[in-house]
Amino acid sequence: MVTESPKIQVKDLKLWYGDFQALHGLDLDIPEKKITAFIGPSGCGKSTFIKSLNRMNDLIESCRIEGTIELDGRDIYSHKTDVNQLRKQVGMVFQQPNPFPKSIYDNIAYGPRTHGIKNKSELDEIVERSLKQAAIWDEVKDHLDRNALSISGGQQQRICIARALAVGPEVLLMDEPTSALDPISTAKIEELVAELKNHYTIVMVTHNMQQASRVSDETAFFLNGHIIEHGDTRKIFTNPEQSETENYISGRFG
Amino acid sequence: MKNTKESVMKGIFFLSACFSIIALLLIVIFIFANGVPFMFEYGFFKFIFGMEWAPTNTPATYGIFPMIIGSLYVTAGAAVVGVPIGVLTAVFMAEFCPPILYKVLKPAVNLMAAIPSIVYGFFALRVFTPLIRDTFGGNGYSVMTASVLLGIMILPTVIGLSESALRAVPRTYYTGSVALGATHERSIFKVLLPAAKSGIISSVILGIGRAIGETMAVVLIAGNQAIVPDSLLSGVRTLTTNIVIEMAYATGEHREALIATAVVLFGFILIINSIFLYFKNREAK
Amino acid sequence: MLATKFVRGLVYLSAAITFGMLGYVIIFILINGVRFLTPDLFSWDYNSDNVSMMPAIITTLYVVGGTLLITTPIGVFTGFYLVEYANRKNPIVKLVSMATDTLAAVPSIVYGLFGFLFFVTFLSFQLSLIAGILTSVIMSLPLIIRATEEALVSTGRPLREASYALGAGKLRTIFTVVLPVAMPGILSGVILATGRVIGETAALLYTLGSATNIPGSLFNSGRTLSLHMYVLSNEGFHVDQAYATAVVLLLFVLILNGLSTFVSARLSKGGK
């Protein structure tokens, strides 16, 4: 499968919310510049897992983690890791589009400004490039000063993708990025994601089997906090090894 | 039988609801009817912009400009002292305070709002007046003393409303910012606070309303000279204290002049209140 | 990062100033006041040698009791009308809302002046308990109306529908089903109103007056604790006694605040 060393390497990851164990010793390699999809029923731990990849779970007080997650061979949970630098490297797009109540321009420029870029022409350039990469430049270029909350949900989500790209991440985490969107917007985002994998390592949680089979290179199937099966997407969907995988997929697919 | 009871009670409820409208009308009518005619008899501009308040002179002069300026000075001073501290304390309450501490501090803010103004005034009289006299000179009864005291007195108003405004901001704004690698502090100051702007502004306006209407605390420490103060250490008389000081012995025209002072104060409050409602409604949207 | 630390420092500093100041006020009053709380200060009679605060305590209870007796039913009934009876688009609802908001913003001294012009002069009540109480009623009304409205709205529709579905009338539903659930909320409004009246000075000085005795009837003047303290601190002859009065006032406020914290804790438990 993957010959070169993986972008992200997860080893025996266990996670608790208080007394409740949500993840039971996960091992997973996430390859560079590919799309890896996480599928599974609600509550299976896929969203929890994706949030541990950029340490968003740190925000939950009762959350406790064991095991290691290595990004380019460095443990992201090591006390030497600067969380904010990590999140710059590993961007995230959420289920609900969550643009800030600011102008489109300020939304995109927020991240670069956060990381110290103040030069106006440099910011202009980043904003334009990010919006182009997120395939929304043509739709918004004439009104960058409009409030980002005033545009459609599908456009908002692409603004959020552009916003994530603007800080120059290497990995892009997407937590059910299209579940709140209409089919046309969903198609646009899928197209965009397929394009983005040429430059970024993408990890995507989805409950939509067609979406996973359409866009991803690899798929991991989660159940009750375990990874039941992981491998090439085509193989998972056509010839799964585990019966749980087959049951789940055949129940939702088609 | 049952229906009569239902409709009688409905009538009683309706009358109760009308009570506050009637009360407000009565207040407006009695204050305005007793104050406005005087304003025009004496001369509206002479009254508002008159620099001299000398009710015992013959002929008496009733210029309330010094008091208008006095009210504006101490209110602005209160805002300068109270708003930054209040808003930052609200940030502390909403985003920095550990839950255990919060259980103590939240009632403490309510307690702060509940302490009678006379207690605040007396405290300031015993503590701030000598402190300001010894540190900055003057006699301690001054614009500065009143500003500091009013700044403290508006804290609970500013803190309470600003905190709710901050808590009403969708949490996704915060997570969105943190996910881009922004710190807790940056996320709060660059995303949450701007998003809570309307609510915070309305908390400030409400605080300003409190400050301009405060009477008994100010009368003890402001010096109460009816002249436009020329420095932070000069004594000052506000619209409210003008009324409370002289009402005890005022008669005739003098009393009407004090009621007219209340009309002006009322006007300020109505303006402030409309601005407050404007921002409150904007927040609701 | 330097900026981050600086900003965090400012936040902590502000909180320290706020709560430090509160602590300072309370401790300062207690330290200077407790030692002057002599039994003499609680004797039944006030005279120029012994400025007893007992008459003021009794008068405070009179004013608070009288005010709540009138303002609570009016305020709660107004809440009933606004939430349970009136159509939300009914102009009267808007009007009452506006009136309540405006009343809440009127400064105490304007209430005092109005009470003086209307109750004391126009209705010839003179400086009296009744004039003080009626002025306090209008002043505290918005607090009760707002609290009742919020409490009623938060009880939700299903509760009422369940009662109507059993054939209960509107009145019965309100009094036996809705009111008990809304009670803690209404109660915290009543506590708030109590605090407002106890702490009030400007509105009472020219309505209740500042007579030193316990008022013998509704038409006698008297002084509440806050007024008593104002007179003492303004005259400047009885600073020690003013401190002692402040201690008693603080005690009242602390008890009320504790009560309201307790009630709102009950409220949030009831909500779950």
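**Exercise 1.** How do the residues lining the second largest pocket divide into nonpolar, polar and charged?

*Solution.* Start with the ground rules: this is a predicted model, where local features need pLDDT of at least 70 and side-chain atom pairs count only at pLDDT 80 or more, while totals for chains, interfaces and linings use all residues. Residues are numbered from 1 along each chain as its sequence is written, and chains are lettered from A in the order in which they are written.

Next, a pocket is an open set of points on a 1 Å grid over the protein atoms alone, where a 1.4 Å probe fits, with protein on both sides within 12 Å along at least five of seven lines; lining residues have an atom within 4 Å of a point. Here 19 residues form the lining, and Glu61(A), Ala94(B), Glu95(B), Arg171(B) and His184(B) lie nearest the pocket's centre.

Now sort them by class (Ala, Val, Leu, Ile, Met, Phe, Trp, Tyr, Cys and Pro are nonpolar; Asp, Glu, Lys and Arg charged; the others, Gly among them, polar). The lining has 12 nonpolar, two polar and five charged residues.

**Exercise 2.** Find which residues of chain B touch chain A, and by class.

*Solution.* First, count contacts (heavy atoms within 4.5 Å): 18 residues of chain B meet 22 of chain A.

Then look for salt bridges (a side-chain nitrogen of Lys or Arg within 4 Å of a carboxyl oxygen of Asp or Glu); between the two chains the count is zero.

Finally, sort the side of chain B that touches chain A: nine residues are nonpolar, seven polar and two charged.

Definitions and conventions: Heavy atoms only, no water.
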